[in-house]
Amino acid sequence: MQQGAVLEMRGICKYFPGVRALQDVDFTLREGEIHALMGENGAGKSTLIKVLTGVHPKDGGEVHIKGVDGAAVIRSPQDAQNAGISTVYQEITLCPNLTVAENMYIGRTKGALANWKSMNAGAGKILESLGIPASPRQQLGSCSIAVQQMVAIARAVDMECKVLILDEPTSSLDEQEVQKLFGLMRDLRAKGVGIIFVTHFLEQVYEVCDRITVLRDGQLVGEYVIEDLPRVQLVSKMLGKELDDMADIKSEAGGGAVSAGGVPVLEAQGLCSSAGIKPFDFSIRKGEVNGFTGLLGSGRSECVRAIFGADHVTGGSVKVDGKAVKIKKPLDAMKQGVGYLPEDRKGDGIVGDLSVRENIILALQVMKGFFRPFSRAQAEAFADEYIKLLEIKTASADTPIKSLSGGNQQKCILARWLLTDPKYLILDEPTRGIDIGTKIEIQKLVLKLAAEGKSVTFISSEIDEMLRTCSRLVVMRDRKAVGELTGEDLTQSKIMATIAGGDE
């Protein structure tokens with residue numbers, strides 16, 4: 001091993017049916033460094049992590065870990081844990097029905113019975129040291145997604161690992177929680193822990209990382225010291241091509257043909273829900289792209305879930321094309337021409353064990369009725385059309401959707417709703433956790449749909465992404481709409497000022 005290295009992966013290969021996921025990939029992690037692993041969805045990042053952690057067996061190459069003689073044999077996640085490798089995945093893998101302390105110590109207690117008192121005390125100490133607002137005895141499922149993510153990180157940290165893998169750990173955290181995590185990462189770096197940081201947030205990479213390794217199409221592009229790789233070059237290496245100026249997306253896509261007058265496609269008055277949303281008014285016109293913005297927990301997602309009938313509506317009225325309608329459940333909204341891509345892709349979006357084809361036709365089949373199934377030929381035609389249209393990377397339409405990369409799963413859900421030909425499409429965090437290239441594709445697609453006369457509500461935690469796509473923003477704070485911005489007011493500084501003091 002190289003001097004100072006805690007982990008070396010050499011010539012790693014991994015194949016799936018019809019897909020070369022990794023081809024002769026090298027990766028080196030040094031003691032006391034934060035190393036970013038970058039690449040588009042499908043580049044091989046997650047596969048490399050899963051080979052390292054024993055989730056997938058490798059088909060070639062060697063792994064060397066400091067303190068382990070010869071090549072390390074990692075056949076399971078337990079082997080990886082025993083070798084000093086801890087992982088926090090993008091999708092929380094803890095047990096929501098167990099307590100916080102039980103989740104932190106699960107699989108680590110010896111014997112048939114755990115010492116509950118010492119376990120709770122130990123969990124309490126580390127939760128307090130990391131400033132995590134959770135009690136060791138409370139059920140994990142009662143915590144917010146952000147707190148669950150922090151508990152997963154606390155569990156990994158408490159295992160005194162040599163290698164800590166953080167796979168998109170900040171996707172569900174607000175700015176303060178991100179900074180708290182970065183402080184923890186820097187402390188661990190100072191203690192000699194090697195950290196592999198997988199993220200799609202470029203600014204976070206340049207804020208906290210020392211080195212970057214870039215993968216593309218399952219192959220190594222290169223390893224770089226952070227100071228030697230400007231952001232534009234990083235993006236270019238990830239995509240394998242020069243990137244158009246992202247600020248030109250609106251003009252390139254053609255913008256939206258907003259209907260200035262006439263009746264709104266959808267209009268809500270005094271709408272509120274069981275999720276705690278205070279009454280809000282909302283409307284969208286033909287060809288418009290608008291959005292909800294605000295900090296984590298502000299109520300952005302809850303607003304669109306109320307519009308779609310995904311949460312129980314407790315008050316207010318809705319009109320579609322000027323006519324009063326009742327939307328009590330998602331099927332009611334779908335029959336009114338409304339489509340909804342949910343924030344939680346894994347939990348509410350894909351059906352993992354079904355094929356790409358079955359996932360794409362799902363919404364249209366629901367509208368038609370399951371007792372009137374599509375013929376195989378019809379289903380294949382639908383799927384093939386949208387796999388080609390959205391350039392979904394899959395071995396075939398029969399591939400289980402759970403085996404696709406996150407970006408390609410997201411494209412399948414988009415295809416599902418485009419197939420229903422909606423007049424109004426709600427996209428909640430459609431680009432979260434996916435690569436820059438696919439983000440740009442989705443942004444361009446949104447504006448293209450608007451130019452064709454469809455109405456789109458676009459939600460993203462990245463304000464600059466909202467500014468590139470939306471012509472009007474509803475600003476949320478504490479589950480209440482506190483402002484609406486259009487025209488010259490659509491600036492990052494105005495949005496932040498409205499979030500900070502919207503109704504003062």
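Predicted model: local features only at pLDDT ≥ 70, side-chain atom pairs only at ≥ 80, totals over all residues.

Residues are numbered from 1 along each chain as its sequence is written, and side-chain values use heavy atoms, with hydrogens and water left out.

A nonpolar core here is a set of buried Ala, Val, Leu, Ile, Met, Phe, Trp, Tyr and Cys residues joined through side-chain atoms within 4.5 Å. Buried means under 20% relative accessible area, exposed over 50%, and partly exposed in between, with a 1.4 Å probe and protein chains only. The largest nonpolar core has 73 residues, and Tyr424 is among those with the most contacts inside it. Contact means heavy atoms within 4.5 Å; among the residues that tyrosine 424 touches are Leu266, Phe282 and Ile307, not counting residues up to four places away in sequence. Apart from this core lies another, of 55 residues, including Met119 and Leu239.

Leu239 belongs to helix H8, residues 231-239, where Leu234, Val235, Ser236 and Met238 are also buried. Helices (H or I, at least four residues) and strands (E, at least two) are DSSP runs, numbered from the N terminus. The cover over the buried residues of H8 includes strand S3 (34-38) and helix H16 (436-451).

Finally, a disulfide is a pair of cysteine sulfur atoms within 2.5 Å, and the count by this rule is zero. For cysteine 95, the nearest cysteine sulfur, that of cysteine 143, is 14 Å away.
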